[in-house]
Amino acid sequence: MKTIHRLRRTLLATALAAGALALPFAASAQAPIVIKFSHVVAEQTPKGQGALKFKELAEKKLPGKVQVQVFPSSQLFGDAKELEALLLGDVQFIAPSLSKFDRYTKKIQVFDLPFLFDDIEAVDRFQSGPQGKALLESMRGRGLLGLGYWHNGMKQLSTNKDKLVRPGDVKGLKFRIQASDVLEAQFRALESNPQKMAFAEVYQALQTGVVDGQENTWSNIYSQKFHEVQKTIAETNHGVIDYMVVTNVKWWDGLPADVRKGLTEAMTEATAYANKLALDINEADRKKIADAGKAKIQKLSKDDVAAWRKSMEPVWKKFEGDIGRDLIDGALKSNK
Ligand code: LMR
């Protein structure tokens, strides 16, 4: 009898010891949190590079705790679907251009107003100021939280025509636009026909003549080969394509505090990295387009630019009510 008791006690002690050992072992062997980061552009663009930097930094700061999977070039979700996918929890980070949020807030439309910002430095000053920071938080009620702004650059206008100097040259032409009511109004002000279309479809639409032209940054034009299916790119710098990196509020708030902290740090560093690169990438891609010699780069005189500005500026008034005069004034102040 005694032997049986002893045996039971030994077995119990062994089981307890195994359990005690198994617990910390199980905790450390826990699967990492998988974070999907989806975007629509090529890897060599400013956003593509920013996403890869974020992955590198996040995995270094949180070893074994997170695994970041980056999906470029609309591989996972195109821009018609990515915001929905984020809200459904199918992806945890996206960085749509600021033109693609107008279903969620009208305020962010400020970035689409033509000729509002003089250059990307002015955009940066506005984004870093109190109004820009407040916009990052402005979609919380819709389930979206902005973690930072990433630059791409200023937009240029391209068409399949030889002449692209003054606004009259685009009259009656069809243009692909991002899903933004401001951009729609901008092309209507030019008496041309805008068509909202996902980024992944633009090359083919230009190639087949579904549309005659589009507006984009040098890095997007080059990486998508738009210059191979367009005749002229006018250096208008008439607007900006920048991004807000957004996450799902519920998912973000539910993360362990140390993971949220590590991801925030990784985002801050990746933002600085991507924003430093953006200007250089766009300048290099402008040169590559010029060297390729497929599309002509049309330089514009001061008077030409003034004519484009005059045609497009009436759009401001139209959206002032939705955006708010304070934001427009704040953006204008950032030019100085
Ligand atoms: C576009 O749709 O033209 C751009 O917003 C794509 C991008 O993400 O840069």
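Why does Arg188 count as partly exposed? The views below take this up, along with the ligand site. This is a predicted model, in which local features need pLDDT of at least 70, side-chain atom pairs count only at pLDDT 80 or more, and totals for chains, interfaces and linings use all residues. Residues are numbered from 1 along each chain as its sequence is written, and side-chain values use heavy atoms, without hydrogens or water.

**View 1. Arg188 in helix H6.** Arg188 counts as partly exposed because its relative accessibility is 48%. Partly exposed lies between buried (under 20% relative accessible area) and exposed (over 50%), with a 1.4 Å probe and protein chains only. Helix H6 spans residues 181–189 and holds Arg188. Helices are DSSP runs of H or I with at least four residues, numbered from the N terminus. Gln131 is 57 residues from Arg188 along the chain. Their C-alpha atoms are 29 Å apart.

**View 2. The shell around the ligand.** Residues surrounding the ligand include Val40, Asp79, Arg176, Phe199 and Tyr243. The shell divides into four nonpolar, four polar and four charged residues. Asp, Glu, Lys and Arg count as charged; Ala, Val, Leu, Ile, Met, Phe, Trp, Tyr, Cys and Pro count as nonpolar; the others, Gly among them, are polar.

View 3. A polar contact here pairs N or O atoms within 3.5 Å. Lys47 has a side-chain N or O atom 2.7 Å from a ligand oxygen. For Lys100, a polar side-chain atom lies 2.8 Å from an oxygen of the ligand. Asn216 also places a polar side-chain atom 2.8 Å from a ligand oxygen.

Technical notes. A residue is near a molecule or strand if one of its heavy atoms lies within 4 Å of it. A polar contact is a pair of N or O atoms within 3.5 Å; within protein, one must be able to donate a hydrogen and the other to accept it, and residues adjacent in sequence count only if both atoms are side-chain atoms. Helices (H or I, at least four residues) and strands (E, at least two) are DSSP runs, numbered from the N terminus.
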